[in-house]
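This report looks at charged side chains that pair up, and then at one helix. Please keep the sequence and the structure in view while reading.

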Amino acid sequence: MTTANSSSIKQVTVAGGGVLGSQIAMQNAFFGFNVTIFDKEPEKVKERIAKLMPIYAKFYDKSPVQAQVITHAIRYVTDLGEAVAQADLVIEALPEVLDIKNEFYKALAKVAPSHTIFASNSSTLIPSQMVEATGRPDKFLALHFANRIWVNNTAEVMGSAHTDPAVFDSIVAYAKAIGMVVLPLNKEQPGYILNTLLVPFLNAGMHL
């Protein structure tokens, strides 16, 4: 059994520096974690981070100098092996396309250290749809954040039937450590909690 705990997660790699990926990276950086962003277009990601910096500085009551020091500590890497070489946790924030995610996990499994936990930020796909591609079913689960993460600070944690309970607990503890209100799911549920509630609400509004 894995003996992972929140203190074992110090190095975090975010795969994908899009809207939510950049926010996840910032959230980690502002709570003192070492952060690497893996993205093929680092300049675009840096622009997103630069736009987020004053927002985070104001929200977390940091001076511009403090915020700049924090954000300058984020590493931008275009090579997957280099990006995850020291990672304790890889958070995948790629497009919501199953084939893209599975191809990424196959590549990731070849280069990530054996202890590294893999987490998908998917909002609709469930872990069992991706678990085989990861090559480490006991260390894989979903960790879903909401947009504008600094305000909508929920983290939905959902494993598969293969996820080690110790890994699940370590991710719950980690999510709390970066300021999240954790919503653990004890079964696989497409749409998780938030979208399972939100989509029928929106459909009802459209119907009315």
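How exposed is Asp138, in terms of its relative accessible area? Asp138 is partly exposed, with a relative accessible area of 26%. The model is a predicted one, and the values below are computed from it.

**Salt bridges**

Asp138 takes part in a salt bridge with Lys139, where the closest N and O atoms are 3.5 Å apart. Lys139 counts as buried, at 16% relative accessibility, because the cut-off for buried is under 20% relative accessible area. The value of 26% for Asp138 falls in the range called partly exposed, which lies between the cut-offs for buried and exposed.

How many salt bridges does the structure hold? The number is seven.

| Salt bridge | N to O distance |
|---|---|
| Glu43 and Lys46 | 3.5 Å |
| Glu103 and Lys106 | 3.5 Å |
| Asp138 and Lys139 | 3.5 Å |

Glu43 and Lys46 both belong to helix H2, which covers residues 42-59. They are three residues apart, or about one turn of the helix. Glu43 is exposed, with a relative accessible area of 52%, while Lys46 is partly exposed at 36%.

Glu103 and Lys106 sit in helix H5, residues 98-111. These two residues are also three residues apart, a separation of about one helical turn. Lys106 counts as partly exposed, with a relative accessibility of 43%.

Salt bridges also link Glu92, Glu96 and Lys101 in a network.

**Helix H7**

Helix H7 runs over residues 165-177 and has 13 residues. From its first C-alpha to its last, H7 reaches 18 Å. That is close to the 18 Å expected at 1.5 Å a residue.

Which residues of H7 are buried? They are Ala166, Val167, Phe168, Ser170, Ile171, Val172, Tyr174 and Ala175.

What is found at the start of H7? There, a side-chain oxygen of Asp164 comes to within 2.8 Å of the backbone nitrogen of Ala166. Ala166 is also one of the buried residues of this helix. After H7 comes Gly179, which has a positive phi, near 85 degrees.

Methods
Residues numbered from 1 in each chain as written. Predicted model: local features only at pLDDT ≥ 70, side-chain atom pairs only at ≥ 80, totals over all residues. Heavy atoms only, no water. Salt bridge = Lys/Arg side-chain N within 4 Å of Asp/Glu carboxyl O. Helix = DSSP H or I, 4+ residues; strand = E, 2+ residues; numbered from the N terminus. Buried < 20%, exposed > 50% of the residue type's maximum accessible area, 1.4 Å probe, protein only. Expected span 1.5 Å × (residues − 1). Polar contact = N/O pair within 3.5 Å; in protein donor to acceptor, adjacent residues only side chain to side chain.
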